[in-house]
Amino acid sequence: MQPNGTLGDYWTALYSSKWIILAVTLSSMAFSIWLSHYLPPVYEAKASFYVPVNAQAPGGTSGSARGPLQTILKPAPDEKEAGLVIGVLKGQDLGRRVRELFPQKDPAFFTKNVDFTASPQFFIDIYVRDSDPKFAAEVANAYMQAYRDFHTDKLRANALEAAAALQAQYNSLTDRLNKKTLDARNYQVRNQLLSEGETEGRYSAQVRDVERRLDEVSIEVQAARARLGIASKRPLPIDGEPVTEALPLGNPPREALRGLEARQAALAEQLGALRAGSGGAISKVSELQSLTADRSLLRGMLSNVENSLAEARLQSESAQALVVTVQTAQPPSQPGFPIAGLNGGVGLLLGFIAGCYNALLLEYLRLRRLAKARRQLDYSLLSEVSP
């Protein structure tokens with residue numbers, strides 16, 4: 001075609017070569033359909049899953065639930081979260097797990113024939129293509145299981161690390177508790193103390209007993225003085241030493257009164273000693289209480305660590321990553337490629353384009369030949385006219 005050709009010229013060129021265009025179009029379509037039946041079929045299996053973001057596991061040995069056990073598990077409505085999952089699926093560690101399950105396949109197969117996409121529903125879709133539909137489904141399901149096992153191993157490893165750290169803390173607290181218990185026991189033996197309450201009760205009981213006996217003796221002294229006609233009011237003790245009156249000797253009632261007064265003085269002295277020693281006893285009991293409080297604190301810490309250690313061990317034994325399977329891959333019944341109808345349609349379109357281009361090319365070559373013949377004719381005429 002000439003550069004200054006009109007649209008009508010192009011149409012004329014195409015119409016004049018309509019049979020050529022038809023032949024090329026039909027030939028291309030027939031070749032595409034024939035090639036579709038000749039090529040080996042490729043089947044595509046699909047598996048879908050998602051990682052729930054609102055899963056709440058119940059408490060372990062602590063017995064307290066961290067959330068409701070019955071709830072609808074939902075995927076993360078975020079493309080970045082789906083991208084993280086796809087990144088793990090494409091990782092070398094997870095890919096190695098799957099390749100070890102299918103050693104008969106070349107590693108390049110998993111690069112060329114496995115795709116991971118995020119659906120509009122934020123599910124992770126795994127597509128695997130192979131000439132064996134059963135094998136394609138097995139590989140797709142293997143990727144989904146490998147993802148679950150990958151995170152399960154990570155959870156178990158974290159739980160084991162936590163258990164090791166908690167075990168070391170448990171051993172340290174146990175040693176500290178044993179040492180604190182031994183210190184408290186040695187302190188009790190060294191200071192002849194019972195427990196805090198028993199020590200205080202013992203001193204209180206002794207003081208009450210001495211006070212009771214002192215009251216009884218005082219009443220007897222007052223009664224004896226009344227019988228002898230001696231004033232019952234006694235001078236107050238000075239510095240713990242009672243003031244006694246001089247009584248004549250050789251009189252039995254007066255000797256009995258003197259004995260009662262001596263007993264009264266002894267009990268008063270004993271009561272003063274008990275009250276004076278109670279301050280030291282209280283300070284010893286306070287020290288014992290401090291040791292006991294430290295021991296109780298260590299016991300509480302040890303109990304908490306023991307519970308955490310039991311939970312960590314339980315998690316390491318029963319670790320399981322929560323992955324919701326949306327669709328398990330099944331062997332497809334129809335091949336994903338080649339599709340004869342689709343390939344025939346593509347061949348028809350490409351054949352029509354190629355036929356049109358061929359028609360325009362032939363028209364262009366025809367016009368070039370005509371132009372060349374016209375120039376040659378002009379040259380021959382000019383040569384005949386010239387002398």
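Helices, of at least four residues, and strands, of at least two, are DSSP runs numbered from the N terminus. In this predicted model, the protein chain contains nine helices and four strands. Read from the N terminus, these elements follow the order α-α-β-α-α-α-β-β-α-α-α-β-α.

The mean pLDDT of the protein chain is 80, and 80% of its residues reach at least 70. Among the elements, strand β3, spanning residues 124-130, has the highest mean pLDDT, at 95. The lowest mean, 72, belongs to helix α7, which covers residues 196-228.

The protein chain has 387 residues, of which 28% count as buried. Of the contacts with a separation of 6 or more, 78% are between residues 24 or more positions apart.

A nonpolar patch on the surface is formed by I339, L342, V346, L349, L350, F352 and I353. Together these residues have about 660 Å² of accessible area. One of them, L350, lies in helix α9, which runs over residues 340-385. L350 counts as exposed because its relative accessible area is 51%, and the cut-off for exposed is over 50%.

Methods. Residues numbered from 1 in each chain as written. Predicted model: local features only at pLDDT ≥ 70, side-chain atom pairs only at ≥ 80, totals over all residues. Heavy atoms only, no water. pLDDT = per-residue confidence, 0-100. Patch = residues over 30% accessible without salt bridge, like charges linked within 9 Å, V, L, I, M, F, W, Y side chains within 5 Å. Areas by Shrake-Rupley, 256 points an atom, 1.4 Å probe, with all protein chains shown as cover. Salt bridge = Lys/Arg side-chain N within 4 Å of Asp/Glu carboxyl O. Buried < 20%, exposed > 50% of the residue type's maximum accessible area, 1.4 Å probe, protein only. Contact = heavy atoms within 4.5 Å.
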